[in-house]
Amino acid sequence: MPSVTHEALVELFKNRPTLAAEMLHDALGHPVPTFTEARVESSDFTEIVPSDRRADVVVVLLVGEQQQPAMAIVVEVQLGVDPDKPYVWPVYVTQTRARHRCPTGLLVVTIDAAMARWSARPIDTGHPGWTLTPLVLGPKGVPVVTDAEQAKAAPEVAVLSAMAHGQSEAAEAIGVAFFSGAADGLDEERRAVYGDLVLSSLNAAARRRLEAMMKSGYQFQSEFARSYVAKGRQEGSLEAKAQAVLAFLEARGIEVPAEVRGRVLASTDLDELDRWIRRAAVISDARELLSTTGS
């Protein structure tokens, strides 16, 4: 089953169809034809391979009024060694080339340096003159986005930067760039997903500093960043009140069963937690806390 990281990387390329071409040209220096539109196409190759075999993303670069395919890019996210890939990758390339009748390249994306080296190995197909050498975008090739305007212009690149470089010394600057500029132009769902991806990708020290900047009133331009601060404050209040309920019960010598502790810590209702704090002062059994009667 694909991991969350795998699916997140796939979504970046689906949400920004030009990203594959940008990474090929800007990061890897591979020639890309001039195009007027980049379109995500079907990546299902069930004609030849089993139904559970499909490329992660297929992007077709179109040109002219007739929207003729100029180039196709098969994007594969690779986070672990898979002995099947040297056999199915040539299939993906040839099937895509046959379907769209245009030159086709294979772009393998990974955020792990060792996997970048594994993915870049030439694939000898056995046919004279046909060795497929994947084009690999590893962490070294991903740009370090620390400028808010750059992050705003290409939020998916900013997220990719966080995922590739979030453990480096540039982590804090990457996070600041994203929250300062990238999020305002996104719809609500992508703001939430991308924000979570960026924060979860940063090292612990950078994440703490970024959250501290938010709480101390740092004026991020992004509306999402401001809403994130508000959410963080509410979550902090929720956690504090939940811990207060448990501390009150334990201070009174009342044993707190696991199911009660779990229910208290999972609560997202401030009013409910306030009621529980009051009841913790008078009940004799922690299970009474969750009773629907009383106040």
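Colleague: Is R101 buried or exposed?

Modeller: This is a predicted model, in which local features need pLDDT of at least 70, side-chain atom pairs count only at pLDDT 80 or more, and totals for chains, interfaces and linings use all residues. Residues are numbered from 1 along each chain as its sequence is written, and side-chain values use heavy atoms, without hydrogens and water. Relative accessible area, computed with a 1.4 Å probe on protein chains only, defines buried as under 20%, exposed as over 50% and partly exposed as in between. For R101 the relative accessible area is 74%, so the residue is classed as exposed.

Colleague: What is the phi of R101?

Modeller: R101 lies in the loop between α3 and β4; helices (H or I, at least four residues) and strands (E, at least two) are DSSP runs, numbered from the N terminus. Most residues other than glycine have a negative phi. R101 is a residue other than glycine with a positive value, its phi being near 55 degrees.

Colleague: Which glycine in the hairpin of β2 and β3 takes a positive phi?

Modeller: The hairpin has 4 residues between its strands. The phi in question is near 80 degrees, and the glycine that takes it is G64.

Colleague: In which sense do β2 and β3 pair?

Modeller: Two strands pair if DSSP finds at least two bridges between them. Strand β2 covers residues 57-63, and its pairing with β3 extends over 7 bridges. V60 stands opposite A72 in β3. The sense of the pairing is antiparallel.

Colleague: How many residues of β3 are buried?

Modeller: Strand β3 spans residues 68-77 and is largely enclosed by the rest of the structure. The reason lies in the count of buried residues, which is 8 of the 10.

Colleague: How many bridges join β3 to β4?

Modeller: Strand β4 covers residues 104-109 and runs parallel to β3. E76 stands opposite V108 in β4. The number of bridges joining β3 to β4 is 6.

Colleague: At about what angle does α3 run to β3?

Modeller: Helix α3 lies across β1, β2, β3 and β4, where contact means heavy atoms within 4.5 Å. Axes are lines fitted to C-alpha atoms, for helices over the stretch in contact, and angles run from 0 to 180 degrees between N-to-C directions. Helix α3 runs to β3 at about 160 degrees.

Colleague: How many of the residues of β4 are buried?

Modeller: In a regular strand the side chains alternate between the two faces of the sheet. In β4 both faces are covered, with T104, L106 and V108 buried on one side and G105, L107 and V109 on the other. Strand β4 is largely enclosed by the rest of the structure because the number of its residues that are buried is 6 of the 6.

Colleague: Which residue of β7 is the bridge partner of V109?

Modeller: Strands β4 and β7 pair in the parallel sense over 3 bridges. The bridge partner of V109 in β7 is L137.

Colleague: Which strands stand at the edges?

Modeller: The sheet is open, has 5 strands in the order β1-β2-β3-β4-β7, and shows mixed pairing. Each edge strand has a single partner strand, so one side of each is left without a neighbour in the sheet. The edges are formed by residues 37-41 and 135-137, which are β1 and β7.

Colleague: Which residue of β2 is the bridge partner of V40?

Modeller: Strands β1 and β2 run antiparallel and are joined by 5 bridges. In β2, the bridge partner of V40 is V59.

Colleague: What distance separates the C-alpha atoms of R54 and E76?

Modeller: R54 lies in the loop between β1 and β2 and is partly exposed, with a relative accessible area of 42%. R54 and E76 are 22 residues apart along the chain, and their C-alpha atoms are separated by 9.6 Å.

Colleague: How far apart are the axes of α2 and α6?

Modeller: Helix α2 comprises residues 19-27 and helix α6 residues 155-165. L19, E22 and M23 in α2 meet E156, V157 and L160 in α6. The helices pack at an angle of about 65 degrees, and the distance between their axes is 11 Å.
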